[in-house]
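Here is a short note to read beside the model. Keep the structure open and follow the points in order.

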Amino acid sequence: MVSTTYGVAEVSEFYEIELEPEVAAWPESLSTKHFDKIDDTAGLLAELGPTTPMPIARPLRDGVWELRLALGDTNARITYWFAPGRRIVFLTWFRKTRQHEEKQIDRAVLARKQCEAEHEPASGSFHRATTDGRSPMSGHQKFKTLRDKRLRGGYGESAERAQARRENLLAMALAVVVYQRRTELGLTQAETAERCGLDQGKISRIEGSDAVPTLALLYKLSRGLDGTFHIDIDDDADEPVITLTAHGSGTAA
């Protein structure tokens, strides 16, 4: 069974998210929808840490990891490292392209070394100038995710933001299940798309957590991945669970 479920760890066990200046400046150029997606994905990372599954996160090299996000037509990457004191520091961000990926990883490795040598734990807190009218801070900053704020209490969440959060969690759960089943079958994204009657870009967006499952989409994925989907949505717990049982196996991916 695969689940991107919150509520596993106590909030005191969460990793603290911190932002280097490059990543802190980026959200000012993003839509609210895309910023909320980063917020919810970071919340999952803060809870699961190094056990956050592919295709949401993966290790690169030299202690640098990447958070993988599809933001509309952009395949974005946020690089990070696990710093002492249960801290995750977001180092750089970039748009994924095959031609320049190694250079971007080199840049992130250098940023990690500089962060480790020069930066103490962040003291100031990040906020978006586009949402509260305040001027953004500069330098190394803490990033309090929505998940963290909700668990600590006293945070009023709008109905619109709550719906966006649920959709983001559902999209992440689908991404993990599809990726794991695809790799289990030894398929590329293009081969999966052909089997499902979709284009490769759609599979990429699904695995980038950019697709909320519909019945029509699940039907196509079920046929192409040779399995049966099961979705459990508990509105009180806010914990969507998606599983896929391979046909004829009785086991869930």
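**Notes on helix H7 and its neighbours**

1. H7 passes H9 in a right-handed crossing. A crossing is right-handed if the near helix is turned clockwise from the far one by less than a right angle, and left-handed if anticlockwise. Helices here are DSSP runs of H or I with at least four residues, strands are runs of E with at least two, and both are numbered from the N terminus.

2. This is a predicted model: local features need pLDDT of at least 70, side-chain atom pairs count only at pLDDT 80 or more, and totals for chains, interfaces and linings use all residues. Residues are numbered from 1 along each chain as its sequence is written, and side-chain values use heavy atoms, with hydrogens and water left out.

3. The protein chain has nine helices and nine strands. Of its 253 residues, 51% are buried. Buried means under 20% relative accessible area, exposed over 50%, and partly exposed in between, with a 1.4 Å probe and protein chains only.

4. Two packed helices are described by the angle between their axes and the distance between the axes. The axes of H7 (residues 189-196) and H9 (residues 215-225) come within 8 Å and cross at roughly 110°. Axes are lines fitted to C-alpha atoms, for helices over the stretch in contact, and angles run from 0 to 180 degrees between N-to-C directions. H7 and H9 are therefore roughly perpendicular. That label covers 65 to 115 degrees; under 35 is roughly parallel, over 145 roughly antiparallel, and the rest oblique.

5. Which residues of H7 meet H9? They are Thr192, Arg195 and Cys196, and their partners in H9 are Lys220, Leu221, Gly224 and Leu225. Contact means heavy atoms within 4.5 Å. The residues of this H7 and H9 contact divide into three nonpolar, two polar and two charged. Ala, Val, Leu, Ile, Met, Phe, Trp, Tyr, Cys and Pro count as nonpolar, Asp, Glu, Lys and Arg as charged, and the others, Gly among them, as polar.

6. H7 also packs with H8, at about 110° with axes 8 Å apart. That makes H7 roughly perpendicular to H8. Gln189, Ala190, Thr192 and Ala193 of H7 make the contact with Gln200, Ile203, Ser204 and Glu207 of H8.

7. Gln189, Thr192, Ala193 and Cys196 are the buried residues of H7. Seen down the axis of H7, they fall within an arc of 100°, so they line one face of the helix. The arc is that of the directions from the helix axis to the C-beta atoms. These buried residues pack against H6 (159-184), H8 (200-207) and H9.
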